[in-house]
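Subject: Structure handover

Hello,

Here is the structure I promised to pass on. My notes follow below it.

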Amino acid sequence: MASGRPPYRGGTNASGAGVGSRPPAGRAGTDVISASKNAPEAANGPSRNGPGTPATPAGNVLSFPEPKAKRRKRILLSTVGIVAVLIAGIVAAAVYSPVLALRTVAVQGTKIVKPDKVQAALAPLQGKPLPQISEEDVRALLKPLVQVKDVTAKALPPSTLQVHITERVPVALVKQGATFQLVDVDGVQLSTTTNAASVPLPVIDGGSGTLPKDLFHAITAVLGALPADVLARLSNASAASADAVELKLVDGQSIVWGNAGERELKARVLAALLKVPADPKNPVNVYDVSVPRHPVTR
């Protein structure tokens, strides 16, 4: 008669024999069911699970602190970036801020040209922020004023532009019909007058016709080398050729200058001779500085 207990299959007993098999000799014939639990795998060790079985979660990972040099570099770069952004914002605010708009032009160094003419020429700059005004802008606006040789500009926040003018220096009067042109060493006409006596400058004598350009520049080069006090004592200047420039003083004495070479030395020698007290017994009619290292008076 068959037993009512179901057979056990597929298991193993403690001795490793299959479940349901006959127990080894010397042991009780009782069937034993046993179960075993796999020991936990070492952290980060290779998985012993079969294919398709999820791996055992890894354990904690050690984290090392950031090197000090790298941390300092990162902080420095961040700080530099923030400062750059702040500076860019401040510069942009200054360049376009209406607080720095031009309202006043202060003119310095003018003698021939009137300051109000300079201010009128610079009127287009009014209301423009000072950081946007360059010296080139000022120079371009003043170019039509022939009396202006050079200019420098300086911004005085919040609203003033200081302009210093370097004027052309007049050295002679050139007679043109009933008027006299005031010219500088380059021959640039600075102004005109009908009364030559009101201007303490020599008159360039062109004779009956127009003075040739080479002679004109030879004369103006000589006049440009003279100090202001000597220039004021001259009545006229002439030149038979570029190597024969002559000057005349208001007192009637003549100055033989010669060519335009060694102008500075000749000017110093002439200034020294003119400072010598006059001798009524031996009046000087001619100062010859054509050879400046050996000047002659007669």
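**Contacts and overall make-up**

Among contacts in the chain between residues at least 6 apart in sequence, 44% join residues at least 24 apart. Contact means heavy atoms within 4.5 Å.

Before the rest, some ground rules. This is a predicted model, where local features need pLDDT of at least 70, side-chain atom pairs count only at pLDDT 80 or more, and totals for chains, interfaces and linings use all residues. Residues are numbered from 1 along each chain as its sequence is written, and side-chain values use heavy atoms, with hydrogens and water left out.

The chain has six helices and twelve strands. These are DSSP runs numbered from the N terminus: helices are H or I with at least four residues, strands are E with at least two. Of the 298 residues, 27% count as buried. Buried means under 20% relative accessible area, with a 1.4 Å probe and protein chains only.

**The three-stranded sheet**

Three strands make an open, mixed sheet in the order β1-β3-β2. Strands pair if DSSP finds at least two bridges between them. β1 (104-108) and β2 (148-156) are the edge strands, each pairing on one side only. From one strand to the next, the twist averages 25°. β1 pairs with β3 (residues 160-167) in the parallel sense, over five bridges. Valine 107 has valine 163 in β3 as its bridge partner. Helix α3 (residues 135-142) lies across β2 and β3 and runs at about 140° to β2. Axes are lines fitted to C-alpha atoms, for helices over the stretch in contact, and angles run from 0 to 180 degrees between N-to-C directions.

The largest nonpolar core has 37 residues. Such a core is a set of buried Ala, Val, Leu, Ile, Met, Phe, Trp, Tyr and Cys residues joined through side-chain atoms within 4.5 Å. Those with the most contacts inside this core include Leu223, Leu247 and Trp257. Leucine 247 touches Leu223, Leu226, Ile255 and Trp257, among others beyond four places in sequence. Apart from this core lies another, of 18 residues, among them Val107 and Val163.

**Lysine 266**

Lysine 266 is in helix α6 (residues 263-274). Is this lysine buried or exposed? Lysine 266 is buried, yet has no salt bridge. A salt bridge needs a side-chain nitrogen of Lys or Arg within 4 Å of a carboxyl oxygen of Asp or Glu. The nearest side chain of opposite charge, glutamate 262, is 5.9 Å away. Leaving aside neighbours within four places in sequence, the contacts of lysine 266 include Trp257, Val289 and Pro292.

Best wishes

Key. Buried < 20%, exposed > 50% of the residue type's maximum accessible area, 1.4 Å probe, protein only. Lys, Arg positive; Asp, Glu negative; His and termini not counted.
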